[in-house]
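Please keep the structure open beside the text as you read.

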Amino acid sequence: MTGDESKFGEVAVPHLADGFALARWITGNNVDAEDVVQEASLRAFRGIQGYAGGNARAWFLTIVRNTAYSWLRKNRPAEIISIGDLETLEYRATEQSGGKDGSSLASPERIDPVELQSAIMSLPAAFRETLILRELHGLDYREIASVTAVPVGTVMSRLARARRRLFDELTRDE
C-alpha cells in the first residue's frame, strides 16, 4: 500500500457512510448519491496530499458537498429561486397570514418518519444541507461554515429558517 492509499484509508474511508448520507440528502436518491460519493472519493484520493490535518470528516464532507452540487449542475436543471428570494417570500407570507399561532410541535412519537423525510426534502437545498449537517452529522456551526463555504452567521440563519419551515410543515394540519 502506498502512502497516498494509507493516508486516504485513514482520512476519508471512515467517513464514507456520512458522505453517502449527505449525498443522498442533497441528490434525493441512493443511486445518484452512490455516483456522487464515488466521484468525491476519487477527488479526495487525488487531493489527499493537500489534506493538512484537522477535521477529516469536515474535509471529506466538503468534497462530497461540492461534488454533489457539481453533479447536480451537470445532470439536473438548476434551481431557479435564490435564497434571498425565499427570504422575501417567507416575510411576505408571514405578513399576509398575520404571523404564527404559537402551536407546539407534535411529540416525536406522533411524527411519521416518512412525513419527516418528505418535509426535510421539501426544504430549499441550502436550508436542507445545513439542517442535515447539524442534526444528522452533528457538525458545529464553524464546521458547517467550513463545509458550505459561508459565514457562521449565515449557517445560524439557515439553520433557524430550516427548523422553522420544518416545524411549520409538520404542524400544518394540526
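Ala149 sits in the loop that joins helix H8 (141–148) to H9; helices here are DSSP runs of H or I with at least four residues, numbered from the N terminus. Although Ala149 is not a glycine, its phi is positive, at about 60 degrees. Most residues other than glycine have a negative phi. Ala149 counts as exposed, with 67% relative accessibility. On this scale, buried means under 20% relative accessible area, exposed means over 50%, and partly exposed lies in between (1.4 Å probe, protein chains only).

A word on the ground rules: this is a predicted model, in which local features need pLDDT of at least 70 and side-chain atom pairs count only at pLDDT 80 or more, while totals for chains, interfaces and linings use all residues. Residues are numbered from 1 along each chain as its sequence is written, and side-chain values use heavy atoms, leaving out hydrogens and water.

How confident is the predictor? The mean pLDDT (the confidence in each residue, from 0 to 100) is 81 for the chain, and 79% of the residues reach 70 or more. Confidence is highest in helix H3 (residues 30–46), at 95, and lowest in helix H5 (residues 83–97), at a mean of 44. The pLDDT is below 50 over residues 79–107, a stretch that has 25 contacts in the model beyond near neighbours in sequence; a contact means heavy atoms within 4.5 Å. Where pLDDT is low, the predicted coordinates should not be read in detail.

Now to the charged pairs. The whole structure holds 5 salt bridges, each defined as a side-chain nitrogen of Lys or Arg within 4 Å of a carboxyl oxygen of Asp or Glu. Here are some of them:

| Pair | N to O distance |
|---|---|
| Arg57 and Asp18 | 2.8 Å |
| Glu135 and Arg163 | 2.3 Å |
| Asp168 and Arg164 | 2.8 Å |

Arg57 belongs to helix H4 (residues 56–75) and Asp18 to helix H2 (residues 16–27), so their bridge ties together parts that are 39 residues apart in sequence. Asp18 is partly exposed, at 23% relative accessible area.

Glu135 and Arg163 form a salt bridge that links distant parts of the chain, with Glu135 in helix H7 (residues 125–136) and Arg163 in helix H9, 28 residues apart. Glu135 is partly exposed at 44%, and Arg163 is partly exposed at 37%.

By contrast in setting, Asp168 and Arg164 both lie in helix H9, 4 residues apart, about one turn of the helix. Asp168 has a relative accessible area of 23%, and Arg164 has 38%.

Helix H9 (residues 152–171) also contains Val152, which is partly exposed at 32%. Together with Tyr141 and Met156, Val152 forms a nonpolar surface patch of about 230 Å² accessible area. Patches are built from residues with over 30% relative accessible area and no salt bridge, joining like charges within 9 Å and nonpolar side chains (Val, Leu, Ile, Met, Phe, Trp, Tyr) within 5 Å; the areas come from the Shrake-Rupley method with a 1.4 Å probe.

Finally, is Thr27 buried or exposed? Thr27, in helix H2, is buried at 4% relative accessibility. Beyond residues up to four places away in sequence, Thr27 touches Asp32, Ala33, Val36, Trp71, Leu72 and Arg76. A polar atom of the Thr27 side chain lies 3.2 Å from the backbone oxygen of Asn29.

Notes
Helices (H or I, at least four residues) and strands (E, at least two) are DSSP runs, numbered from the N terminus. pLDDT is the predictor's confidence in each residue, from 0 to 100. A polar contact is a pair of N or O atoms within 3.5 Å; within protein, one must be able to donate a hydrogen and the other to accept it, and residues adjacent in sequence count only if both atoms are side-chain atoms.
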